[in-house]
Amino acid sequence: MIVADLPPFEQDRIVCSISASVAYGIPADIMLAIAEIEGGTPGTFSINQNKSNDYGYMQFNSAYLSDLSKKYGENFELLASSEGCYSFFLAAWRVGNHLKNDSGTVWQRAANYHSKTEKYNLIYQRKLINKARQWANWLNLNYSLVKWSKK
C-alpha cells in the first residue's frame with residue numbers, strides 16, 4: 001500500500017509525521033505512533049483536566065504554546081491548530097527535546113510528550129510501544145530499501 005491509496009487525512013498524517021521526524025532526527029515509527037495516539041484534526045482543541053488545552057493534529061498543549069508565544073511573539077495556538085504540517089514539526093521539536101534532554105528509556109522520554117507524571121507516562125508508553133511497532137512494520141513493508149546489485 002502506498003500513501004496515495006489512503007484517505008487524505010491519513011496521507012497528511014503520514015507525510016507530515018515522516019517529514020517532521022526526518023527534520024528533527026526522530027524515529028519515524030515513534031512520530032507516527034504519537035500522531036495516531038493524539039488523533040487530533042486541524043482546528044480542533046480539547047480541554048484537559050488541568051484546564052490546559054490541546055490543539056490541532058498533534059494535540060499540542062497550551063502550556064508549551066504559551067511559553068513559545070511569550071518567547072517568540074507569535075500566536076502558536078493558531079499555528080498548532082492549522083492545516084498542513086506545522087503542528088507535526090512543532091511536536092517533533094518537542095519530542096526531540098525530550099529524547100535529547102530527559103532521562104529514562106527512549107519510550108519514557110518520548111512519552112513525556114504526553115506527561116512526565118509517572119502514572120500517565122506509563123499508560124502512554126504502553127500505547128506508544130504498541131503503535132510504534134505497528135508503524136515500524138508498516139514502514140518496513142511499504143518503504144523498505146531496495147538492494148541494487150551490479151550485473
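Biologist: How many disulfides does a search of the whole structure find?

Modeller: Happy to start there! A disulfide is a covalent bond between the sulfur atoms of two cysteines. This is a predicted model, and the search of the whole structure turns up 1 disulfide. Cys-16 is joined to Cys-85, with an S to S distance of 1.9 Å.

Biologist: Which parts does the pair Cys-16 and Cys-85 tie together?

Modeller: Cys-16 sits in helix H1 (residues 8-24), while Cys-85 is in the loop between helix H4 (76-81) and H5, so the bond ties together parts 69 residues apart in sequence. Cys-16 is buried, at 4% relative accessible area, whereas Cys-85 is partly exposed at 25%.

Biologist: Is the disulfide of Cys-16 and Cys-85 left-handed or right-handed?

Modeller: Look at the torsion about the S-S bond: for Cys-16 and Cys-85 the value is about -70°, so this disulfide is left-handed.

Biologist: Now for charged side chains. How many salt bridges are there?

Modeller: The idea is to look for a side-chain nitrogen of Lys or Arg within 4 Å of a carboxyl oxygen of Asp or Glu. That gives 2 salt bridges here. In one, Lys-131 meets Glu-36 at 3.1 Å, N to O. Lys-131 belongs to helix H7 (residues 118-143) and Glu-36 to helix H2 (residues 28-38), 95 residues apart.

Biologist: And where are Asp-102 and Lys-116?

Modeller: Their side chains form a salt bridge at 3.9 Å, N to O. Asp-102 is in the loop between helix H5 (86-101) and helix H6 (106-111), and Lys-116 in the loop between H6 and H7, 14 residues apart. Asp-102 is buried at 19% relative accessible area, while Lys-116 is exposed at 55%.

Technical notes:
Residues are numbered from 1 along each chain as its sequence is written. This is a predicted model: local features need pLDDT of at least 70, side-chain atom pairs count only at pLDDT 80 or more; totals for chains, interfaces and linings use all residues. Side-chain values use heavy atoms; hydrogens and water are left out. Helices (H or I, at least four residues) and strands (E, at least two) are DSSP runs, numbered from the N terminus. Buried means under 20% relative accessible area, exposed over 50%, partly exposed in between (1.4 Å probe, protein chains only). A disulfide is a pair of cysteine sulfur atoms within 2.5 Å.
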